[in-house]
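Please look over the structure shown here with the briefing beside it. The points are grouped by topic, so that each can be followed in the display.

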Amino acid sequence: MTEYYLVFVGVLLILAVLDLVVGVSNDAVNFLNSAIGSRVATARTILIVASVGVFIGASFSSGLMEVARSGIFNPQHFTFAEVIVIFAAVMLADIVLLDMFNTMGMPTSTTVSIVFELLGAAFAVSLFKIAASGGGSDALALYINSGRALGIVSGIFVSVGIAFVTGLLAQYLSRLLFSFQYEKRLPYVGGLWAGLSLTGVCYFLLMKGFKGASFVSDSFLAWVNTHTWSLLIGMFVVFTIGMQLLFWMKVNGLRVVVLTGMFALAMAFAGNDLVNFIGVPIAGLESFIAWNQSGVAADAFLMDSLQQPVRTNTWLLLTAGLVMVLTLWFSRKARTVTETEVSLGRQGEGVERFAPNPIARSIVRGAREIAGFFSALIPGVLRRRIDRNFERPAGTDDPDAPAFDLVRASVNLTLASILIAMATSLKLPLSTTYVTFMVAMGASLADRAWDRDTAVFRVSGVLNVIGGWLITAVVALLVAGLFAFVLHYGGMFGLVGLIALAGFMIWRSNILHREREEEAVERRSVYARESLPVEQVFKETGEHIVEVLDQMAGALQHALTGLVKEDSGLLKKTDKKIKRLIERNEGLGDTLPQYIRRVEEEETSGSKAYIAVYDYLSDMLRSCRSIVYSCRTHIDNSHKPLSNNQHADLDNLFGQTIGYLHELKDCIARGEWTHAEHLVTRKDEVLAVVELGVERQVAGIKARKYNEINTGLYFTLLLETKDFVLVSGRLLGFFESRTNGEEPSLIAQPVA
């Protein structure tokens, strides 16, 4: 029996390492956002400073894992066998949940997830105990500390609104003070600003970073609490004088503020949030040791020992710190989560990651009306003076420029530090992720980073992130409860099955994340600053066309196969592929100005190439989607199959169309048009097949030998194929005219 539970403990320790990886990938955004967004230093320097903060914070962590041990459930009423099930379910659920959010690039709260996973698993096990003992639902209060969980969550979501509003006000006032030409005003007010910022950061370190650390005595913390204001005033005076001297020496002290703030947040994150990642496995290990030494059966040994605080072994903390640092350097998902927050707050243009939604549109319209009302109340002279402080200098909209400047970065870090420190001193629960994110969003709004062209996209992104927060608690509770159910009744088989499931989900999410990264790299490539010669433009667009034509040819083949074999699954899969192609092409349309900007000056044919590719492929993809979707709808509705003659006609039509597409893409790929006349002949042959099919069906209708639904589908496939082929002729004509030395025309007639 000892070996049985030893396997559980071993799995918990392995899961602890994985949880550290996915946890750091999620929480790195808390301290990296401002430094990366403002490019305060090189990426290497930023990671070095953050790594030192993370390692020191982890090494000096108090190791008091009270939330995992006794914060959410009452361990004295659970046996060792029940507690180990709770802990295993929590760790498996936490890894799956955090990895899912990381893959989507959405920051979430590790505190909320761990709290509700503990609540869900403990709730499930409590129900098993109550059912076995024949008790009532009122017995739940004996096992679950639900008030603690609800208190944590309510405090967290209140802090979200406070963080956003204070971030907005602080950034608005700071921009009035500095404007975007902040370098000119730093010699006069920079010392005061930097002194205030560094004082706030150090206050955060004293109240949050050092709280409960093993090297800090209780008497020192008590002294700090007693002399807080004296310390703050003293630090403010020293920092202000020191930073003002730096500004007079032409040294930008805001870089010091940002790097110091990042270090403080990284250290506090590792020192205090480490419980969210290794608290449960450590509690499981301690539970196993206590049970193994007792000599009592696992299902009879009550876990009173978990009520006592225990300091974690220093070597375990050092190992955890090393894993966190390595994750910081090598995790792609950490970069993805950070990019989400940076992109939502960036000052200039770029690829928008989130599509608009009706709620975002309503919020933006309402905000514009409210802003217009209050703006009308401000005298014109004062309004113009305010607006001058928000005028961005040339180059701010450059996609290669930093996402925002050092003024906003210092506001983000200082305000987040102060809010977290104040909440800690008042013993109010909050999420560092939520606070840092909402401060950054409020600051970006105040900085007018969300203009009329980007506001609806940015608001949609914020709503998506907040929506993810709202479902974190529910999903964590349900998944952990389900996993506890499987482990309770499945034992070792259930554990192996859940590990396999978690491994599969992580493997799939890594594949999905890699695909999204590749798409993001492709989309970001349009912001390359070098000018492209027109020959390179046509080569690049030709490669894109070849790829899309090949996929459309495959889609047509699958559409016909799915229709003949009545394979709904194949049609559904094909429909999704075409939809992705359409979305990708629409992305090209959204970024046409950036593509055109890459073309060498005074070259119009290269710019037209991008426009033509977008235009012609849009029409062809819509026709292809209509063909696939019509076939899918016909099969999903269980309509009668087409007649043999109709099947034969479509088989001939699609076969010739697919052959024509392959020849067309080969011709474009080679850039050789010696066989262009042959392609025109192939195109005309396809159109002749369409014409013949229409005539046959019309004759059948005249003779009253037809099925109305099937005839409608048949005509749709014929006519959409005709449109598809006609547009391909225009595409062919565009590229052929360029090869012949003519100026390509976007309204060229099909090649004849």
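The model is a predicted one, and every value below was computed from it.

**Aromatic rings**

- A pair of aromatic rings is described by the distance of the centres and the angle of the planes.
- Phenylalanine 80 and tryptophan 291 are both buried.
- Another pair is made by phenylalanine 178 and tryptophan 193, whose ring centres are 5.5 Å apart and whose planes stand at 80 degrees, so this pair is edge-to-face; the cut-off that matters for this step is an angle over 60 degrees.
- Because phenylalanine 178 lies in helix α8 (residues 146-178) and tryptophan 193 in helix α9 (residues 182-209), the pair ties together parts that are 15 residues apart in sequence.
- Phenylalanine 178 and tryptophan 193 are likewise both buried.

**Nonpolar cores**

- The largest nonpolar core has 133 residues, and Phe31, Ile86 and Phe87 are those with the most contacts inside it.
- Helix α5 gives the largest share of this core, with 17 residues.
- Another core lies apart from it and has 51 residues, among them Ile545, Val628, Cys667 and Leu687.

- Ile233, Val237, Ile241, Leu245, Trp248, Met249 and Val251 make a nonpolar surface patch of about 720 Å².
- One of these residues, leucine 245, is found in helix α11 (residues 228-248).
- Leucine 245 has a relative accessible area of 44%, so it counts as partly exposed, a class that runs between 20% and 50%.

**Positive phi angles in loops**

- Most residues other than glycine have a negative phi, and the two residues below are described with that in mind.
- Lysine 250 has a positive phi of about 65 degrees, although it is not a glycine.
- Lysine 250 lies in the loop between α11 and α12 (254-273), and it is exposed because its relative accessible area is 74%.
- Serine 638, which is also a residue other than glycine, has a positive phi near 60 degrees.
- Serine 638 is placed in the loop between α24 (604-636) and α25 (644-670), and with a relative accessibility of 63% it counts as exposed.

**A buried valine**

- Valine 727 lies in helix α27 (residues 708-739).
- The relative accessible area of valine 727 is 9%, so this residue is buried, the cut-off being under 20%.
- Valine 727 and serine 618 are 109 residues apart along the chain, and their C-alpha atoms are separated by 9.8 Å.

Technical notes:
Residues are numbered from 1 along each chain as its sequence is written. This is a predicted model: local features need pLDDT of at least 70, side-chain atom pairs count only at pLDDT 80 or more; totals for chains, interfaces and linings use all residues. Side-chain values use heavy atoms; hydrogens and water are left out. Buried means under 20% relative accessible area, exposed over 50%, partly exposed in between (1.4 Å probe, protein chains only). Rings of Phe, Tyr and Trp (its six-membered ring) pair if their centres lie within 6.5 Å; planes under 30 degrees apart count as stacked, over 60 as edge-to-face and the rest as tilted. Helices (H or I, at least four residues) and strands (E, at least two) are DSSP runs, numbered from the N terminus. Patches are made of residues with over 30% relative accessible area and no salt bridge: like charges are joined within 9 Å, nonpolar side chains (Val, Leu, Ile, Met, Phe, Trp, Tyr) within 5 Å. Accessible areas come from the Shrake-Rupley method with a 1.4 Å probe; for residues, only the protein chains shown count as cover. A salt bridge is a side-chain nitrogen of Lys or Arg within 4 Å of a carboxyl oxygen of Asp or Glu. A nonpolar core is a set of buried Ala, Val, Leu, Ile, Met, Phe, Trp, Tyr and Cys residues joined through side-chain atoms within 4.5 Å.
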